Amino acid sequence: MTTTQETHKPGSAPAVAAPDARVPARRPLQRRQLPKISEVRELLQFRAPVLDPVRRRLESALTIEDLRKIGRRTTPRAVFDYVDGAAEFEVTAKRNLAAFREVEFVPETLNSVADPDLSTELFGERIAFPLVFAPTGYTRMMHHEGEAAVARVAERNNLPYSLSTVGTTTIEEVREAAPNGQNWFQLYLTNNVALNEEMVGRALDAGCKTVILTVDTAVAGGRHKDTRNGLTIPPSLTVKTFLDMSRFPYWWFNKLTTAPINFALLRDYPGTSADVAAMLFDPGLEYNDLAWLRKAWPHNLLVKGITNPQDAARVVGDFGADGVVVSNHGGRQLDRTPATLDVLPAVRDAVGSEATLLLDSGVRNGQDIVAALARGANAVMIGRAYLYGLMAGGERGVERAVEILRTEYRRSLQLLGLRETAQISSRHVRTRG
């Protein structure tokens, strides 16, 4: 058998064998030591227990979705479904949310954003950031503090609040709750001229400077969850719904020990709640009614429920509205309509740069506000977002919803490299695909 031996030339260094890759290199052993108490204390920050259950659950909420989940646990199913649900197959409601998810941001860099200015101007008034509380019906059903609580939060945060015609608090009561707030009024025009004149007059007397005419409710949308739960007008609660409500004694106690829930503005109108609802959802509403309102109302006038650019151009250009709210009623009326964010640029083109343009339906995050402004809105309106907070913790829950959205909005501006709301432009967003 033949063996091979390594050799080297005289005077040369002997060959060094290459390290075997299969043998791991030896590493120096880490020295171990007992940790210092100060180091452990820095890592472990124990919080004092929070005894107040409302405060405890609100402090755990970091997003509007968190508030939504809390509201689901603290409110009867029928009430939660009324807020959370939408019409028919809820296609439009899902589209509203999905449209915001499809937005991509294009940030700028190396700009100082140490102290961004979140404020913006709306109808000549400076507001804290581009957010308006949308009108919602039956608000005291979600929580007994209702519209008055929302108005107080709006006033404290320098944001407009819109009371609904079908609210459970009167215009006068809202003014008493928030005397220095920017209180708006949302109007459903009826076929009763005297009643229309009375509502407009009360809004004027209460100091409202903006009226919102809603025009997408010729008839009520088909909200199957409400029908199955018996949450109709008048109510027709099922045994299942009643048993579910019995699991929330705190909710029941507050409902039974506070003023009855009704259409507060119309509580003196003769007839049943069904008669009142039939009058408010008027299939005969037409442009002549808008012309009447424009003459009767001397201040700011918005038309809500517009998704068609031609309609927007007409109400502003031909009938003198000061602006429109691009809205599909949160998907609660006609299902399978486009997402409001998708039609927003075309509506802005139709009304021009001077008209006031608000967007609602689907806003759940401060980034959604940035996206809406970049695509043409002056501000957004929120409805469900603050109602989730109201269900989760009353007035404090609404305050928490504002804190969440403001924090997200501020952070988004800073990460986009923008120092103020006025800098948001179409160049900062694009849509995937």
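## Terms and model

Helices here are DSSP runs of H or I with at least four residues, numbered from the N terminus. By that rule, Leu 243 lies in helix H11, which covers residues 239-245. The model is predicted.

In soluble globular proteins, nonpolar side chains tend to be buried together. The largest nonpolar core in this model contains 104 residues, and Phe 133 and Phe 185 have the most contacts inside it. Helix H18, residues 384-416, supplies the largest share of this core, with 15 residues.

Beyond its neighbours within four places in sequence, Phe 133 touches several parts of the chain. Its contacts include Val 150, Val 153 and Ala 154, as well as Leu 159, Pro 160 and Tyr 161. Met 381, Ile 382, Tyr 386, Val 398 and Val 402 are also in contact with Phe 133.

## Helix H7

Helix H7 spans residues 146-156 and is mostly covered, with eight of its 11 residues buried. Among the buried ones are Gly 146, Glu 147, Val 150 and Val 153. The cover over the buried residues of H7 includes strands S4 (131-133), S5 (161-163) and S6 (183-187). Helices H6 (139-142), H8 (171-177) and H18 also contribute to that cover.

After H7 comes Asn 158, which has a positive phi near 55°.

Technical notes. Residues are numbered from 1 along each chain as its sequence is written. This is a predicted model: local features need pLDDT of at least 70, side-chain atom pairs count only at pLDDT 80 or more; totals for chains, interfaces and linings use all residues. Side-chain values use heavy atoms; hydrogens and water are left out. A nonpolar core is a set of buried Ala, Val, Leu, Ile, Met, Phe, Trp, Tyr and Cys residues joined through side-chain atoms within 4.5 Å. Buried means under 20% relative accessible area, exposed over 50%, partly exposed in between (1.4 Å probe, protein chains only). Helices (H or I, at least four residues) and strands (E, at least two) are DSSP runs, numbered from the N terminus. Contact means heavy atoms within 4.5 Å.
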